[in-house]
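Work through the following exercises with the sequence and the coordinates open. Each task is followed by a solution in steps.

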Amino acid sequence: MKVVVSFLKTLTVLGLAASLAACSSESADALADAHPGRATYNAACISCHNPGISGAPRLGDPDAWQPRAAKGRQALVSSTVNGLNGMPAKGMCWQCSDEQLGHAVDYMLDQAGVTAAP
Ligand code: HEC
């Protein structure tokens, strides 16, 4: 029994080490090319903007983003901060700063391949 337990412990330690190693190389890659708005997007905006809930312009969809981009970046950031119809104020990320929200907007524009006037 003791042997089995220590074998299991070894497996656990090995598994942990392997997943830590995988994790750290992955996050190093992610950090290397991470957009400053990506983490905020993934934490606060993805739930609506990936599936397109209630008409939310979807990530990476130029047709959805082009007419939005035409309003200019400042208008998009203020819709984000103040909310717009089904889009809740701050995307409900109450702890997010306006700067972080702006980066998330930039990330979404970037992913759609569209540019907005300042
Ligand atoms: C609860 C769902 C939901 C969440 C969470 C959410 N959005 Fe939205 N978002 C929407 C919807 C719905 C619209 C479309 C609103 C409209 O035009 O009527 C929208 C529109 C937008 C627009 C376009 C605004 C405009 O003026 O055309 C931007 C920019 C945006 N969201 C950014 C974000 C960012 C950044 C986050 C995360 C911090 C976020 N959203 C989180 C639902 C959401």
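## Exercise 1: Fold outline

From the N terminus on, the elements of the protein chain run α-α-α-α-α. The model is a predicted one.

Task: State how many helices and strands the protein chain has, and what share of its residues is buried.

Solution. Step 1: the protein chain has five helices and zero strands. Step 2: of the 118 residues in the protein chain, 20% are buried; the cut-off for this class is 20 or more other C-beta atoms within 10 Å. Step 3: take the contacts between residues at least 6 apart in sequence; 69% of these join residues at least 24 apart.

## Exercise 2: H2 against H5

Task: Describe how H2 and H5 cross, and list the residues that meet.

Solution. Step 1: two packed helices are described by the angle between their axes and the distance between the axes. Step 2: for H2 (residues 38-49) and H5 (residues 98-112), the axes come within 9 Å and the crossing angle is roughly 65°. Step 3: angles of 65 to 115 degrees count as roughly perpendicular, and H2 and H5 are therefore roughly perpendicular to each other. Step 4: the crossing in which H2 passes H5 is right-handed. Step 5: H2 brings Arg38, Thr40, Tyr41, Cys45 and His49 to the contact, and these meet Gln100, Leu101, His103, Ala104, Tyr107 and Met108 of H5. Step 6: by class, the residues of this contact of H2 with H5 are six nonpolar, four polar and one charged.

## Exercise 3: H3 against H5

Task: Repeat the analysis for H3 and H5, and classify the residues of their contact.

Solution. Step 1: helix H3 (residues 62-69) packs on H5 at an angle of about 125°, and the axes are 9 Å apart. Step 3: the crossing of H3 and H5 is left-handed. Step 4: Pro62, Trp65 and Ala69 of H3 make the contact with Met108, Leu109 and Ala112 of H5. Step 5: the residues of the contact of H3 with H5 comprise six nonpolar, no polar and no charged.

## Exercise 4: The shell around the ligand

Task: Identify which residues come nearest to the ligand and which helix gives the most to the shell.

Solution. Step 1: there are 28 residues around the ligand, and Cys45, Cys48, Gly86, Met87 and Gly91 come nearest. Step 2: at least two residues of the shell come from each of H2, helix H4 (73-82) and H5. Step 3: H2 gives the most, with six residues. Step 4: sorted by class, the shell has 16 nonpolar, 10 polar and two charged residues.

Conventions:
Residues are numbered from 1 along each chain as its sequence is written. This is a predicted model: local features need pLDDT of at least 70, side-chain atom pairs count only at pLDDT 80 or more; totals for chains, interfaces and linings use all residues. Axes are lines fitted to C-alpha atoms, for helices over the stretch in contact, and angles run from 0 to 180 degrees between N-to-C directions. Helices (H or I, at least four residues) and strands (E, at least two) are DSSP runs, numbered from the N terminus. Angles under 35 degrees count as roughly parallel, over 145 as roughly antiparallel, 65 to 115 as roughly perpendicular and the rest as oblique. A crossing is left-handed if the near helix is turned anticlockwise from the far one by less than a right angle, and right-handed if clockwise. Two residues are in contact if their C-beta atoms, placed from the backbone, lie within 7 Å. Ala, Val, Leu, Ile, Met, Phe, Trp, Tyr, Cys and Pro count as nonpolar, Asp, Glu, Lys and Arg as charged, and the others, Gly among them, as polar. A residue is near a molecule or strand if its C-beta atom, placed from the backbone, lies within 6 Å of it. A residue is buried if 20 or more other C-beta atoms lie within 10 Å of its own, exposed if 12 or fewer, and partly exposed in between; C-beta atoms are placed from the backbone.
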